[in-house]
Amino acid sequence: MKRRIAAIAVGTVMALSAVALAGCGGDDYDGKTPVRIWCQTFPEVETRTWLQNKVDEFNATDAATEGNYLIELTFVPEDAWEQTLKAAQGNGTAPEITVLNYAEVALNSVEGYYKPLDDYMSESCFTDLLDNVNEMTDVNGSHYIYPWFIEPYSILFYRKSAFEEVGLDPEVGPASWDEMVEYARKLNKTDRYGIAMPNSSQLGWVLWGFQAQDENSQGYYLLNDDWSHASVNTQFHKELFTMFRTMYTEKLTPAVALSSYNEITPLAEGHVAMALGGSWSIGQIKNNYPEILSDIGYVVCPTIDGVTEGKTTAAMGGWGMAIDGNAKHPEECGQFIEWLLGGDTAHLEEFMSDLGYSKFAARKSVEEALGNNEEASADPFYNFVSDSILPYAKAEPAYIWEISRKYADALETVTQLGKEVDATLATLEKDLNNLIEAEVMQGTNPFNK
Amino acid sequence: MQRVKTVNKAVVMRAVGTALMWLVGIILLVCSVFPFLWVVISSFKPLAEIQSITFHFFPKQWTAENYANLFAGNSVYFPRGVSFVRSLGMTFLVSVIALVLSLAVNSLAAYAFARLEFPGKKLLWAMYAVNMFVPSIATLIPCYYVVSKLNMLNNLLVLILPGVTYVWSIFFYRQYYLGMPRSLEEAALMDGCSRFGIYVRIFLPMSVTPFIIMGMSVFQGFWNSYIWPSMTVHGNANLYQVNQLIAYFRNSQGTAWDMLLASTVITCIPLVVILMLMQKYIMQGIKITGIK
Amino acid sequence: MTQSKVRDTDVIAEAPQTEAAQAPRKKRKYKKGEAITAYVCLLPSFVLMMLFITVPLIISAYFSLFDVNYYLGNVFVWFDNYHKILAGSISAEFYRSILVGVEYIAIIVPLQLVLSFLIANLIVKINPKFSAVIKVCIYLPCLISGIVVGAIFSFLYNYDGGLFNSVLQMFGLSKVNWTGEPGWAVFSVCIAAVWNGLGYTTLIMLGGLHDIPSDYYEAAKLDGANWWQQTVYITLPCLKNIGMYLLISLVVSSFQLYEIALVIVGSGAMHATEGPIYYLYYQFNYSKNMGEVYAASLVVAVVLTALSSVIFRLTSSEKSLD
């Protein structure tokens, strides 16, 4: 008994002393003003290393020392990102700069989440943006996010050896959806599927790559320009749904995706002969499966009519930096973002090289510099994406996620439960229009001038 | 003659029963150990092999590189200035302090609810009990607001104090105490022992089993927490918790499974050791509580 | 047998009876010293609870009445958020998630209670050295985080090349879509959850078994009671208090099952495995208005409280939650 009391006493003492110890762990800023930037963790550790090094480099520049401030970088695990950021926002202590993906920015900017970057960065930073990127980030004449990099999807990857095996030309991939199905049929064997299709839980955003192809769309992906109406009961979506259904009913694709859409493993290990992926997929192959790199072929994602040249075949995923709406040092933030992403092209060149040219620049001058860069211009995948995909790629939809989710749900009922395509799309259209009404979305498209 | 037969039958029956129990026991062992063993063995595989879709139990190529990376001082995965080893130590310290406080604070409350009569008992118990049903996400952001107003961010206290009062353990101890016979304390009361004295002399010694069972899970709760530490102590490299670091390996776009499994194995070791040390005291519980 | 029966009912009835006996007395007068001791005992937990649980809860209840915007300011909207969840645009998903939570309860709670009761009995009866090994090993799964548990089971459940389907194929059976087909997906998630939590419930059960005085059983054996009779007349009644804790904690934790389902199924299988916590996290991540999340989580809390009180009423005349 006495031992127990003694233990409690010792515990209390330990607690108190530890508290005393930890209490005096003050941060050391040398009297400088810290300007905080938060970035969630990306799968490629090279992104972290690059960003951390650049922050150090910036803190040693004249701009930072004369301004008597320093950039303080914090990486937050993806799992805790939403909680950490929202708690800080609610507390009024959000970081002054956040690294965000493009899709969420436009709607949030209307709600006052960010400061317009144009007030704090030189105009040349924005005129330098690729035209389609500028369109994506320009909300009524203001930019709320400055691009770091772009990752277009979907791109079709395949195994050349598998193509040869069944008598297909290893240098030419399928161009139309029909051809893609046809190829998958030929490539399908007992121990290998024709093609890897995205996992149902990821369909919501993966489908943006396909939806972006719809040229007859009345406006912006599934909705029209002022977001008053959804139209999905069209020929384009019927054929898309039918193509997906054929893949599943004929078992040309695994009934359950073998891996997450982001992972190229099934293709790399030969479980499938073709796979849809994003530009990041090539990075995984270079890093984890270098021995099969020469066996990997890639083409523009097949389209409805087989015309792939000069067509939009991909959505632009990717990340950039934004200044918080309550930031106390927006000037300094602008200075840093301009230095890092908007100024010297060498910074981003180094980044692209670190990442094995699996991510792409959003600025004309960086593209140009990479064009003159021996390493980059010798990389066939880099050239392929910059020439055939990136110029025509389209921003991800800005509307609420719920719309994309409902679309994916409808597709899942077709592929998994064998529902009729026509009826499903009719119901979906009704559902989406109800949603638009319930959420009062009409006229809220931030891009609609 | 007949008697011998029945005895034989009984012996056979008992032998069959024992054999059956052993069989079930072994199946249990396999079911619970096999996946755990898979984690341990896979932690010696390179990433491509772990991600491989074809199931291999043993690695084609054993590697300790995952562990080496984990303990390397300048791991690229972790925020600067954070070391895995130090965070192991810090997490242990936090969990131990929190555990001791949790046992003391919650069992005292449970004793009051189980054994003492006072005005407002029902109301207070309702106030406590309601918290068992509130999803943690409801209070996550307001709680952050509170600790920030108390100036506790990036401080050891923020890792410990918010989790100390744990109504589930009060409920657990209370259920335990409710089951204890009143005859013991009545005798002690006759002898002039105070109510608090009864808690210390009778209830605490009888709490070994519930303390170990609940203690394991409380300790584990602190040991495994990562969302709360990620929110509150990311500004202090000394305070990073070990599962907060493990979260840096995870990503919906591609998890570093090699590092994740290796670190999972390392963080499980202290828990397994504690478990092995403690399991025999669960037995000892009988000797003490067996007085009744 | 009869004797032991009388005795054990005596013991079981003792706690509630004395409480009941005190009930009329306490209306008249509390013992001053006892009340003071009680308040002192409650003080530390009460202060910490107020600071870190109750006050935050009040804050979130308050903001559940607002359209929360951290930048443009909050707008008081009365019960709009609740309306949206219970009858508005996100109500269908909400009710679906509650149903999924109930499915989890219906599968996990009985399965885990029965299994852990049997295993605890086995551990008591079997050779002590072996039982020590089982005690440690069965707890091992509890040490692994939900995410790793999910990863382990994903390997077992994989449609192509997963361990379970390979075994099925070995016996010439057709493959099962463990994680994609709505019916199977719920079941698969529950199995993983039971595997993960079984050790903990078994240890608690074991603690409860150890606290049953062995002379009850000896008396019963003298009377010639078999295992089944002993279980029904001695073991189960003696486990009542602990059983109540297990029941309630299992109901609440199954209802809140989240991480394992997230890793194994994600948002696939026609959302068949998206329980209430999944719904809350979904709203948390995608909703622009934190007020909706607060409102939804309070509604979930009310549902859970209601469920638990129903269980109390059904299983016990003694109202343990009062």
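**Chains A, B and C in the predicted model**

Of the 292 residues in chain B, 50% count as buried, where buried means 20 or more other C-beta atoms within 10 Å of a residue's own, exposed means 12 or fewer, partly exposed lies in between, and C-beta atoms are placed from the backbone. This is a predicted model, in which local features need pLDDT of at least 70 and side-chain atom pairs count only at pLDDT 80 or more, while totals for chains, interfaces and linings use all residues. Residues are numbered from 1 along each chain as its sequence is written, and chains are lettered from A and ligands numbered from 1 in the order in which they are written.

Chain B is built from 14 helices and zero strands; helices (H or I, at least four residues) and strands (E, at least two) are DSSP runs, numbered from the N terminus. Read along the sequence, that gives α-α-α-α-α-α-α-α-α-α-α-α-α-α. As for overall dimensions, the C-alpha trace of chain B spans about 75 × 65 × 30 Å along its principal axes. The radius of gyration of chain B is 25 Å, whereas a compact globule of 292 residues would come in near 19 Å; the radius is taken over C-alpha atoms, and the globule rule is 2.2 Å times the number of residues to the power 0.38.

Chain B splits into domain 1 (4–42) and domain 2 (75–289), with bounds that come from an automatic or database domain assignment. The C-alpha centres of these two domains of chain B sit 35 Å apart. Looking at contacts in chain B (C-beta atoms, placed from the backbone, within 7 Å), 72% of those between residues at least 6 apart in sequence join residues at least 24 apart.

Chain C has 14 helices and two strands. Of its 322 residues, 48% count as buried. Among contacts in chain C with a separation of 6 or more, 70% are made by residues 24 or more positions apart.

Turning to the interfaces, 81 residues of chain C are in contact with 79 residues of chain B. On the chain C side, helix H2 (residues 32–63) of chain C gives the most, with 20 residues. By class, the side of chain C that touches chain B has 58 nonpolar, 16 polar and seven charged residues; here Ala, Val, Leu, Ile, Met, Phe, Trp, Tyr, Cys and Pro count as nonpolar, Asp, Glu, Lys and Arg as charged, and the others, Gly among them, as polar.

Between chains A and C, 22 residues of chain A are in contact with 20 residues of chain C. Helix H4 (78–90), helix H19 (401–417) and helix H20 (421–438) of chain A each supply at least two residues of the chain A side, and H4(A) gives the most, with four residues. That side of chain A divides into eight nonpolar, nine polar and five charged residues.

Within chain A, strand S6 (residues 146–159) is largely enclosed by the rest of the structure, because 14 of its 14 residues are buried. Strands pair if DSSP finds at least two bridges between them. S6(A) pairs in the antiparallel sense with strand S10 (residues 315–323) of chain A over seven bridges, and A:Tyr153 has A:Ala315 of S10(A) as its bridge partner. Five bridges join S6(A) to strand S8 (residues 272–278) of chain A, again antiparallel, with A:Leu156 opposite A:Leu276 in S8(A). Strand S9 (residues 296–300) of chain A also runs antiparallel to S6(A), over five bridges; in S9(A), A:Val300 is the bridge partner of A:Ile155.

In H13(A), A:Trp280, A:Ser281, A:Ile282, A:Gly283, A:Gln284 and A:Ile285 are buried. The buried residues of H13(A) pack against S6, S8 and S9, along with helix H12 (265–268) and helix H18 (380–389) of chain A.

The largest nonpolar core holds 324 residues, and A:Phe157, A:Ile195, A:Ala196, A:Met274 and C:Val189 touch the most other members. Such a core is a set of buried Ala, Val, Leu, Ile, Met, Phe, Trp, Tyr and Cys residues joined through C-beta atoms within 7 Å. Its largest share, 17 residues, comes from helix H4 (residues 84–115) of chain B. Leaving aside neighbours within four places in sequence, A:Ala196 is in contact with residues including A:Thr253, A:Pro254, A:Leu267 and A:Leu276.

Note on methods
Two residues are in contact if their C-beta atoms, placed from the backbone, lie within 7 Å.
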